[in-house]
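Hi,

Here is the model I promised to pass on.

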Amino acid sequence: MSARCMVALVALLFVGATHGAAQDAMHLLVVTGLSGERSFATSFNTSASTLLTTARTRWDVAPTQAIWLAESIEAGDSGEVRGVATREAIAAAVDSLARQSAEGDIVLVVLIGHGSGEGAESRLSVPGPDPTAAEYGRWLDLLAGRRVAIINGASASGDFLPVLAAPGRVVITATRSATERNATTFMTHFTHGIASDEADANRDGQLTLLEAYDYARRAVDEAYTADSRLLTEHAQLDDDGDGKGTSDTSVPEASDGRVAARIVLGARAAPVSPQVAALLAERRALEGEVEALRRTRDRYDAESYADALETLLVAIAERTQAIRALEARAGGAP
Amino acid sequence: MRNVLLMGVLITGPLAGQDATLRLDRVADAERAWAGGDREAARRWASPVAAAWERAQGGDGWSPSAHIAAGRAWRILGEDDPTAVRQALAAFDAATRLDTAGVEGRLWAGDLLLERYNAPDARVEYRAVLSRDEGNARALLGLARAASFEGSNDAAPLAMRSVAADDRYAPALHFLAQLLLESEQYDSARVVAERALALDSTLVEGWGTLGAVAWLSDDTTSFAATERRVTAILPRPAAFHVAVAEAAARHRRYADAVQFAARGAALDSLNARAWGVLGINQLRIGAIDSGRASLERAFARDPFHIWHKNTLDLLDQMAGFRTVRTARFEIVAPARDAELLGTILGPLLEEAYDSLVVRYDYRPPTPIRLELFARHADFSVRTVGLTGMGALGVSFGTVLAMDAPAARPAGSWNIGSTAWHELAHTFTLGASDHRVPRWVSEGLSVVEERRARPGWGAHASVDFLMALHGGELLPIDRLNEGFTRPTGPGQLTLSYYQASLVMEQLESDFGIGAIRRLLQGYAEGLDSEAALVAATGLGSDSLNARFTGWLKTRFAVPLAALAAGEDGVFGPSWATGQEALAVGNARAAVGAIRAAHERFPEYGGADGPLAGLALALLATGDTTRALDAISGVTTRDETAFEANQLEARVRLARGDSAAAMTALERATWISPEDVTIRRMLAEVAAARQAHDVVVRERRAIAALSRTDPLTARTDLAEALIDAGDATGARRELLTVLEAAPAYERAQALLLRARAMRNGGGTP
């Protein structure tokens, strides 16, 4: 290969390496509804506060791009809550997000609280009249062109999914139907997962919405199993717009999950030097080889497979070591 | 014989609306043939009666006695046909409707319901009979059987009432003989069974009880004679062999039970009970596949049997269980729990095996299978076939069954001591050829718990002290009744501790050799009296006198306090001390609580003065004495989770990490799925370079970290590297990195492990 070709390839790899690694602009609206009891208020507010803190500290979301509407202005720490979560305030907040966001931006809407109703009339209980799922759908339509994800973590939230489903839009609900009316735990696990490294399933430093959803769903399942309780909340996700949710997106027949996998909630900064970019590209290629090897695992005996896997993983580890050494020389790791 | 003939007479004679040629009296013949295993004859005689009843639109116009005859015929045909059972009940109910003053219909309905394992409905029928005829022996027997079926202690008194009502009622006498046999009163059982058989020689199960007494007493001559006599009466007496099999199983002689049940099944291949007893006991000796096959045959013939159905359902579920193997054990558990249980119980069981081999000079065959169940109901089904059994574990010999941690609330029991206890049974059962009585076996198992770890096993309790003070403890020669016929759960609990003290004293006075000789005596067929004499040279009376004296010396202080007649065991200062502690007056609390403790210094329950004393002393800043107090709890109460946590924290604060580790280890056996405690233990152990403990704990944490396994497995890999096990670390890291190749921490560790394996040592 000529030197010119090599330079061109490295440049190409650099472009490839940066794609998806840099953080897309994100906007966040969190709505916490009526709690009814102190314990629920604590749970809802903790989830909302964790979301906002994580968005600010790990996802680089500017304070102006994150809105929390709560059952009362005193729900969060000083200044955290932007207003009371009335129907009008929610509509205005979505309108504000529509105006301040640009095409391609990620807009994440999170509803936390107690749900009620059925079908298009499903609701989240908020101070004053409760907006229906159909109304949320109309408001989300204002965000056309953005990469929209709405998470309804409330009880009885399942019927929101078919109402809000749209091509390119991610809809997550904590329950699979309006009949699952018990208080949910999905948001507690979801916020724990995103606030720690636990939800980053492949530990690549890029937490996707799909990873966060999968983590929370598994954690809910595990918590119920550990307590020997019957599972009364079955989270689901739709992102192919067909209005039919998928619970376990890892099964081969799952039709949902592809859009959520491309929504990166938190990512490392893009590389600053061509050497690092090249190493990253090599590492990514090796990771692809690991994936290819995994797919052909049944062709190997256990020992040969482990040896082949180790060879690739050691090569990856060595690239990582080199990257960190370069970054250290350049003035500190990201 | 008399009863059956009488019944035959009752149903003869002109009956309105029935076929004049119909021989209702042949129903009794059918029942006799049925009892003797001659199904063809039984059906031949029963079918016409049932068919006639059906043709007559459910016996329309028949007399009550004819309905009863039809019901009895349907009962025979219902052996493998649930529809026929329903017809039988309908016929009995019709008899009751027509003869509102009579009781026969209800008695037959009750018997049928009980036969079909429906004790609650059977009880309703029997009670209805007794409301009209309070001395009805058959109804009283029915209630006794229902009580026995449900494991109630009321069975014996009800059976006695039945016999008192009619001392010539053979079935009641036989049932009483069965109860006597169950409580290992062989001589009484034999006498009563013989009386029953003298009244009705066709009672095949009565012969079974007589045979079982002979077999369990190792009287092979009498057994052979009994077998010959029953065979002379009934050529294919499957029920005889099944009855012996059931008795053998109740006496923990499961291999014998398998042999007898197999003979019963061979004599009558359609006998559901024979296949059922065979299957259940095959499962108990670890023959899982053949046990399942036998139970399938039983279930096909008798789908009503809830034990068989439950067990088959459980076996289906167990197909998803995972087996973790160690050198001498197979730990079988739900896939979700297997790694944790294998990690913590595997090494413990191996340690226990080595320890117990030395103690008993006996080496059980291996592998020993330990099954654990995440639902207590499943454990209960595995052991007694029904839900609701209270025990934590069961030993069938080389097959053990236990609750898994999820089966019970964390902190309510100790999984380590339970496993040790059950394994000790494996040794005492094996060393005695499965002839050791419950009291000895349980007593030794509790002793072994206490020897295994400070704090494990039963210790002195307030209830025990009160029973000792009140003279309520059973003498040694009756101690087995505390297990086989306890007056309540309280007596059972007391009996465990008392039996352990008897064994402890025997060993203290006569050495471990006496314990081995005792077990050997049982193996040779000696009864308890003879075995005790062979082991110690003393009979139970002498031993009991020594034991009582020993107890009085050992508990002299609290007995004196009780004799003084003050309030309760701990006296009024206990309440005073608690109040002082509650209001923050720690110094006053120390004095009062110490006074309470000194009244019963052997007591270390977490609800007692020692725990309060520790808190009060901590509040005064006297950590040295506080630790003395708290360790008095943690070394006497095997479920004192919070006390162990407290001890660990205080010891760590004082820089005593070795003792803190010990306390944390104790806590992990009480709450095995508590990741926080295991992390704490791993960290303390790591600081002390106790690599084996770190690796074990990190492995346990990995097994428990179901939502974030990558971090936990990476921690485990790091622990393995620190312990010098680069190969094990590589295995874990490949698993982690296969799922998450970009995980930098794991990558770095993989490079370290590789360097070690290439001879570079730990980088």
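Chain A and chain B bury about 2,400 Å² between them, 54% of it on carbon and sulfur atoms; buried area here is the accessible area (1.4 Å probe) that two parts lose on being put together, summed over both. On the chain A side, Arg203(A), Glu310(A) and Leu313(A) supply 27% of the area buried against chain B, more than any other three residues. In terms of contacts (heavy atoms within 4.5 Å), 31 residues from chain A and 22 residues from chain B take part.

Some housekeeping: this is a predicted model, where local features need pLDDT of at least 70 and side-chain atom pairs count only at pLDDT 80 or more, while totals for chains, interfaces and linings use all residues. Residues are numbered from 1 along each chain as its sequence is written, chains are lettered from A and ligands numbered from 1 in the order in which they are written, and side-chain values use heavy atoms, with hydrogens and water left out.

Chain A

The domain assignment (bounds come from an automatic or database assignment) gives chain A a domain 1 made of 3-18 + 269-329 and a domain 2 covering 26-266. Their C-alpha centres lie 35 Å apart.

There is an open sheet of seven strands in chain A, with mixed pairing and the order S3-S2-S1-S4-S7-S8-S10. Strands (E, at least two residues) and helices (H or I, at least four) are DSSP runs, numbered from the N terminus, and two strands pair if DSSP finds at least two bridges between them. At the edges are S3 (83-84) and S10 (236-238) of chain A, each pairing on one side only. Strands S4 (residues 106-112) and S7 (residues 147-152) of chain A run parallel and are joined by six bridges; Leu111(A) has Asn152(A) as its bridge partner in S7(A).

Helix H6 (residues 186-195) of chain A lies across S4, S7 and S8 (170-173) of chain A, at about 130 degrees to S7(A). For angles, axes are lines fitted to C-alpha atoms, for helices over the stretch in contact, and the values run from 0 to 180 degrees between N-to-C directions. H6(A) is largely enclosed by the rest of the structure, because seven of its 10 residues are buried. Buried means under 20% relative accessible area, with exposed over 50% and partly exposed in between (1.4 Å probe, protein chains only). Among the buried residues of H6(A) are Phe186(A), Phe190(A) and Ile194(A).

Chain B

Chain B has 40 helices and five strands, and its C-alpha atoms fill a box of roughly 100 × 70 × 55 Å along the principal axes. Of its 763 residues, 57% are buried.

The five strands of its open sheet come in the order S1-S2-S3-S5-S4 (chain B), with mixed pairing. S1 and S4 (393-395) of chain B stand at the edges with a single partner strand each, so one side of each is left without a neighbour in the sheet. S1(B) and S2(B) form a hairpin with three residues between them; five bridges join these antiparallel strands, and Phe321(B) stands opposite Pro334(B). S3 (residues 368-373) and S5 (residues 399-403) of chain B pair in the parallel sense over five bridges. Helix H20 (residues 376-384) of chain B packs on this sheet, touching S3, S4 and S5 of chain B. Helix H18 (residues 306-318) of chain B lies across S1, S2 and S3 of chain B, at about 100 degrees to S3(B).

The domain assignment of chain B gives domain 1 (236-319) and domain 2 (325-431). About 1,200 Å² is buried between these two domains of chain B, 63% of it from carbon and sulfur atoms. Arg284(B), Leu314(B) and Met318(B) supply 39% of the area that domain 1 of chain B buries there, more than any other three residues.

Finally, the cores. A nonpolar core is a set of buried Ala, Val, Leu, Ile, Met, Phe, Trp, Tyr and Cys residues joined through side-chain atoms within 4.5 Å. The largest has 148 residues, and those touching the most other members include Leu345(B), Trp439(B) and Met503(B). Helix H19 (residues 335-360) of chain B gives the most to this core, with 12 residues. Beyond its neighbours within four places in sequence, Met503(B) is in contact with residues including Trp439(B), Val447(B) and Ile515(B).

Cheers
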